[in-house]
Structures are given as C-alpha cells and as structure tokens.
Amino acid sequence: MDAQRDRLFKALLTAAEHADDTATLTAYLSHLGRGHRKYGTLPEHYPAVGECLIAALTRYATDTWSEATEAAWVRVYTTVSQIMIDAAAEDEQSSPAWWQAEVVSHELRTRDIAVVTVRPEEPYPFLAGQYTSLETPWWPRVWRNYSFSSAPRSDGLLSFHVKAIPAGWVSNALVHHARPGDVLRLGPPAGSMIVDHTTDNGLLCLGGGTGIAPIKALVEDVAEHGRRRPVEVFYGARHDDDLYDIDTMLGLQRSHPWLSVRPVVSDGPTRRLSGQLTHIVREYGPWPAYDAYLSGPPGMIRSGVDTLVGIGIPSHRIRHDGIDEPMTSSTGRG
C-alpha cells in the first residue's frame, strides 16, 4: 500500500499545483478516472476515500489545520473526484474497463528481456508511441506500464518489450513465467509521445534499453504515413550485448533511406559509438528542425531533456513519458 499512498499524494499535489489551469487539470484527472475503471473503482468509493483523507489530515496536520483549511480541502477533493467520476462514466459508454489478451508468442532476447506478443479478444485502439498497463494472472490487481513496440498492425496483435527488474513482480512474471496461451489484462492506452503528422519536422529519437520499443513504433508510424521526413535514432545501452533489438532497427534503416540508426554503448569495449548517449547526441547536433522523442530510464530522460533544451530545442517540441512527475507531457515502465 506504500506505492498506492505515494501515488495518491502525487496526484493531490498535481491537482493543487494545476488548480488554476482548468484544461490541464481536467485532462490529467480525466485520464486518472478512466484508468481507475480497471481497478473496479465505483462512484461511491470516492466519498469514502475523501472522508479518510480529511480524517488523516485533521489528525496529523494539527499545527496548520483549521475550519477554513478543511473547507478548502473538501472543495478541492469534491472537484477532483467529480471530474474523475464523470470521465469514467463517459468512458464506460464506449470502452471496456480492461481488455483480455492471450499471449501468442514469447521470445526471450536476453536472460532478462523478452518480447511478449498478445492477441486482444476485442479490437484495441491505440497510437504508435503510446503505452498501456498490464496485469498478469500471477499478480492480480497489480498493474505495470509497458509501451507498444509497434505501430497498430492489420492483424491486431500487440507486442511489448519487457525487462525483468529486481523485485519487479510483473516484469519477472512476464519474462520468466508467461507462455503462449496465458491471458493478460490490458488497461486503456495512454501517453502523448505520438508523432505530429501535421509538420515536416524531423524526428530525433533517444531510446535507452527497452525504451527502444516505442521508438521502433514511431519509425513504423512515419513509414506508414509515407512522408519522407528525416528520423534520427540514437539507441543507447550499457554494453554491446544489451542492444537486443539492434538487428531490427538496422533492418528498418536499410528499408528506409530517411532513417538513421546510431547505437551508443556507454561501458566496455565496443565497435559502436562509445560514450554517454546525451553526449553523443550533442556532438551530432544541432537539431533546430527536429521534434525530440525520449524513452528509457528516468535518469536518461532527465539528462536527455536537459541536453536537448541546452542545445536549443524548445521544451514544447520534446516528448516523453514515464518520469516521476504525474503531469509529464509525454516512458519507462516498472
């Protein structure tokens, strides 16, 4: 429950920070409300949580608590919960709370990385660059986020790149226990790391580790739209052996003359580019006519954003998902 407590606290902080930005706050809370459907959350659950929250604040915030403070918290929580309830009710009219999906293939790429492909029982709408939450039969009601590793396919199959992490319940189950025939649950699609097809800007893509998965999906999306806009991919890993999807990416490069793929290795001997991913990207810059997309570990995303802003890419043209803050505009998964 520690994780749930932290998520609730971050959500409340986010709501408070964006209280004067109605559009941003509504978009964020609506996404939360839709996502909570997969947990079986009902409208009557919200008042119960609110009462417990106010009771906890009353007990532990004695130095700053007052009738005015309590009234303000009640107003904020009422607004927050109502937006989430309304979004869930609207979503219920068109989408299930979750999708059942059968594992159809499980390819172990390294000792701790697997490519898991599933077939949803119903059509699953999403965009390249987005992610979803997965629940396994081994850990009911525990959901973790994973990016789609391809653009939408005509056969309806969905693939994910999963790295088993220490103490990672869901990731270890997917890598070491999942087999064809197992049934997973998928939450709704989420994320804003999608291609803007209204512009001819190039794409500068930084993918670290399994963060290469949504980058691959973005490349396929550009190819399917048939516009020859330059795409520069920097694929980072610690060691040569960690570049588990390099053959796929180089195959895409051979098929598309507008695509350039540069593998970067930070540690150990290599015939690839050697060094920190962000340093290599800076050396190959500047990138004035490119939109940037970052996917990978939180530390890589933070340093990548700092580097890209530092070399002149405006922050509104930098997209990513998955660092700690709940309001990130745009992926790393647990």
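1. Asp245, at a relative accessibility of 1%, counts as buried, where buried means under 20% relative accessible area, exposed over 50% and partly exposed in between, with a 1.4 Å probe and protein chains only. This is a predicted model, in which local features need pLDDT of at least 70 and side-chain atom pairs count only at pLDDT 80 or more, while totals for chains, interfaces and linings use all residues. Residues are numbered from 1 along each chain as its sequence is written, and side-chain values use heavy atoms, with hydrogens and water left out.

2. Asp245 forms a salt bridge with Arg109, the closest N and O atoms being 2.7 Å apart; the term stands for a side-chain nitrogen of Lys or Arg within 4 Å of a carboxyl oxygen of Asp or Glu. Because Arg109 lies in the loop between E1 and E2 and Asp245 in the loop between strand E8 (231-237) and helix H7 (246-255), the pair ties together parts that are 136 residues apart in sequence. Helices (H or I, at least four residues) and strands (E, at least two) are DSSP runs, numbered from the N terminus. Arg109 itself is partly exposed, at 27% relative accessibility, and a network of salt bridges links Glu107, Arg109 and Asp245.

3. By the salt-bridge rule the count comes to 11, and one of these pairs is Asp112 with Lys163, whose closest N and O atoms are 2.9 Å apart. This pair links distant parts of the chain, with Asp112 in the loop between E1 and E2 and Lys163 in strand E5, 51 residues apart.

4. Asp267, at 25% relative accessibility, counts as partly exposed, whereas Arg238 is exposed, with a relative accessible area of 53%.

5. An open sheet of six strands runs in the order E4-E3-E6-E1-E2-E5, with antiparallel pairing, where two strands pair if DSSP finds at least two bridges between them. E4 and strand E5 (158-163) stand at the edges, each with a single partner strand, so one side of each is left without a neighbour in the sheet. Neighbouring strands of this sheet are turned by 40° against each other on average, with direction ignored. Helix H5 (residues 169-176) packs on the sheet, touching strand E1 (99-108), strand E2 (113-120), E3, E4, E5 and E6, and its direction makes about 115° with that of E5. Contact here means heavy atoms within 4.5 Å, and axes are lines fitted to C-alpha atoms, for helices over the stretch in contact, with angles running from 0 to 180 degrees between N-to-C directions.

6. For the pairings within the sheet, seven bridges join E1 to E2, and these two strands form a hairpin with four residues between them; Leu108 has Ala114 in E2 as its bridge partner. E2 is joined to E5 by six bridges, and Val115 stands opposite His161 in E5. Seven of the eight residues of E2 are buried, which leaves the strand mostly covered. E3 and strand E6 (residues 183-186) run antiparallel and are joined by two bridges, with Arg185 in E6 as the bridge partner of Glu135.

7. Some backbone values in loops deserve a look. A cis peptide bond joins Gly285 and Pro286, with omega about 0°, and Pro286 lies in the loop between helix H8 (277-284) and strand E11 (290-295). Phi is positive in Arg141, near 70°, a residue of the loop between E3 and E4 that is exposed at a relative accessible area of 56%. Ala167 likewise has a positive phi, near 60°; it is found in the loop between E5 and H5 and is exposed, at 73%.

8. On the surface, Trp138, Trp139 and Trp169 form a nonpolar patch with about 320 Å² of accessible area together. Patches are made of residues with over 30% relative accessible area and no salt bridge, like charges being joined within 9 Å and nonpolar side chains (Val, Leu, Ile, Met, Phe, Trp, Tyr) within 5 Å; areas come from the Shrake-Rupley method with a 1.4 Å probe, and for residues only the protein chains shown count as cover. Trp138 sits in the loop between strand E3 (131-135) and strand E4 (143-147) and is partly exposed, at 33%.
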